[in-house]
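Let's walk through this model together, from paired strands to a ligand shell and then to a helix.

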Amino acid sequence: MSEPPLRLAAVERRYRSGAGELPVLRGADLTLEQGEIVALVAPSGTGKSTLLHLAGLLEKPDGGEVFIEGRAAGTLSDDARTAIRRDTIGFVYQFHHLLPEFTAEENIVLPQLAAGVGRRAARERARSLLALFGLSGRESHPPGKLSGGEQQRVAIARALANRPRILLADEPTGNLDVGTSDRVFHELLEHVRGEGVAALVATHNPELARRMDRIVTLAEGRIAAAG
Ligand SMILES: Nc1ncnc2c1ncn2[C@@H]1O[C@H](COP(=O)(O)OP(=O)(O)OP(=O)(O)O)[C@@H](O)[C@H]1O
């Protein structure tokens, strides 16, 4: 039987501050099966971003382990972690984090070049993703000349550029108006479902959460089933 794309096992994370230690995650367990789309809905400050950063190998836990396709991240070299982040995981941030000095297309081409894809193939993939998200004709616009919704679509396309098997999204449409957020989200879910990508999506929007396969929450530093 194949390993699940993502498994968090008893993951702990504490932040140190002047006042002492803040235990944010205290033994969080979560498994994403292949193609499963899970909503993470929890109040502000409970640790959603922290959990996504650990799952995306952007940070290391203080306890427990993150398994990516069965590989314990804690046992991997920094190079191996970087390769997993580039090839296996797509990350969509709340604020797009696009490179302002590059065009929309180049923002999607660059991660593919880093993964060893040839420039021509990378450009074709970038164009087809931009078309998929309704951005044909915007290829050569820098992010600063795109609307918020368009920028976030480019960020989603960038996250999908290397055909990740895991997509992590932190309030991907949190800074968009309701109508735009709804449309962008719909496109994201449709694409992820079509490709069989496992996704963990933090959102404050219960309507959007209900469209996913399962909803989980964070309570006292642990994952719990919602509602
Ligand atoms: N680098 C850090 N150093 C110290 N404390 C931090 C750090 N990052 C997060 N925290 C604290 O950890 C807690 C969890 O933060 P986190 O950003 O994971 O919550 P969240 O659920 O994503 O919140 P929101 O929904 O508001 O984005 C918060 O109390 C936050 O202040």
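Two strands count as paired if DSSP finds at least two bridges between them. Strands (E, at least two residues) and helices (H or I, at least four) are DSSP runs, numbered from the N terminus. The model is a predicted one, in which local features need pLDDT of at least 70 and side-chain atom pairs count only at pLDDT 80 or more, while totals for chains, interfaces and linings use all residues. Residue numbers start from 1 along each chain as its sequence is written.

Start with strand E1 (residues 6-17). Ten bridges pair E1 with strand E2 (residues 20-32) in the antiparallel sense, and the two form a hairpin with two residues between them. Within this pairing, valine 11 faces alanine 28 of E2. E1 also runs antiparallel to strand E4 (residues 63-68), joined by five bridges; here alanine 9 has glutamate 65 as its bridge partner.

Residues around it (C-beta atom, placed from the backbone, within 6 Å) include Tyr15, Leu22, Gly47 and Lys48. E1, E2 and helix H1 (48-55) each give two or more residues to this shell, and H1 gives the most, with three.

Finally, turn to helix H6 (residues 178-195). Ser181, Val184, Phe185, Leu188 and Val192 of H6 are buried, with 20 or more other C-beta atoms within 10 Å of their own; exposed residues have 12 or fewer, and C-beta atoms are placed from the backbone. After H6 comes glycine 196, with a positive phi near 70°.
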